[in-house]
Amino acid sequence: MVKGKEKVVVVSGKKKEVIGKAVVRKGNGVIRINIRNLDTFDWLFRTYIGEPIELAREYVTQVNIDITTKGGGARGQAEVARMLIAKGLVNYFEDSDLKAKFL
């Protein structure tokens, strides 16, 4: 990491017809999916995506995650977002214990 540069991790993933990309950077726990804050989604969507967030609560509060998904339906996009959150946190923090927790 170069001095003065912020650490940014970009991860991507695919499931069925959905393609997604997540950008993880230092922040205060804000998660946005297709520009919308996670809190604005319905209960079922938030619950489904919430599993990796609950498993890594202490890590999530240290970063902001911006996710972009394209294609497929709502369920497929939720699955990709869930996967990208977990994958992004593991790559950002480079923590093997966190990876084991997700597996």
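The legends below describe several close-up views of one predicted model. Residues are numbered from 1 along each chain as its sequence is written, and side-chain values use heavy atoms, with hydrogens and water left out. Because the model is predicted, local features need pLDDT of at least 70 and side-chain atom pairs count only at pLDDT 80 or more, while totals for chains, interfaces and linings use all residues.

**View 1. Helix α3, residues 74-93.** Helices are DSSP runs of H or I with at least four residues, and strands are runs of E with at least two, numbered from the N terminus. The expected span of a helix is 1.5 Å times one less than its number of residues, so the 20 residues of α3 should span 28 Å, and the 29 Å between its end C-alpha atoms agrees with this. Among the residues of α3 that are buried are Ala81, Leu84, Ile85, Gly88 and Leu89, where buried means under 20% relative accessible area, exposed over 50% and partly exposed in between, with a 1.4 Å probe and protein chains only. Just after α3, Glu94 takes a positive phi of about 50°.

**View 2. The largest nonpolar core, with 27 residues.** Such a core is a set of buried Ala, Val, Leu, Ile, Met, Phe, Trp, Tyr and Cys residues joined through side-chain atoms within 4.5 Å. Ile33, Ile49, Ile65, Ile67, Ile85 and Leu89 touch the most other members. The elements that each supply at least two residues of this core include β1 (8-15), β2 (18-26), α1 (43-55) and β5 (63-70), while the largest share, eight residues, comes from α3.

**View 3. The surroundings of Ile33.** With contact taken as heavy atoms within 4.5 Å, and not counting residues up to four places away in sequence, Ile33 touches Leu38, Phe41, Phe45, Ile49, Ile67 and Ala81.

**View 4. Aromatic pairs, of which there are three.** Rings of Phe, Tyr and Trp (its six-membered ring) pair if their centres lie within 6.5 Å, and planes under 30 degrees apart count as stacked, over 60 as edge-to-face and the rest as tilted. Phe41 and Phe45 are stacked, at 4.6 Å centre to centre with 20° between the planes.

**View 5. Charged ends over the rings of Tyr92 and Tyr48.** A charge sits over a ring if NZ of Lys or CZ of Arg is within 6 Å of the ring centre and within 35 degrees of the ring normal. The charged end of Lys7 sits over the ring of Tyr92, 4.9 Å from its centre, and that of Arg82 sits over the ring of Tyr48, 4.6 Å from its centre.
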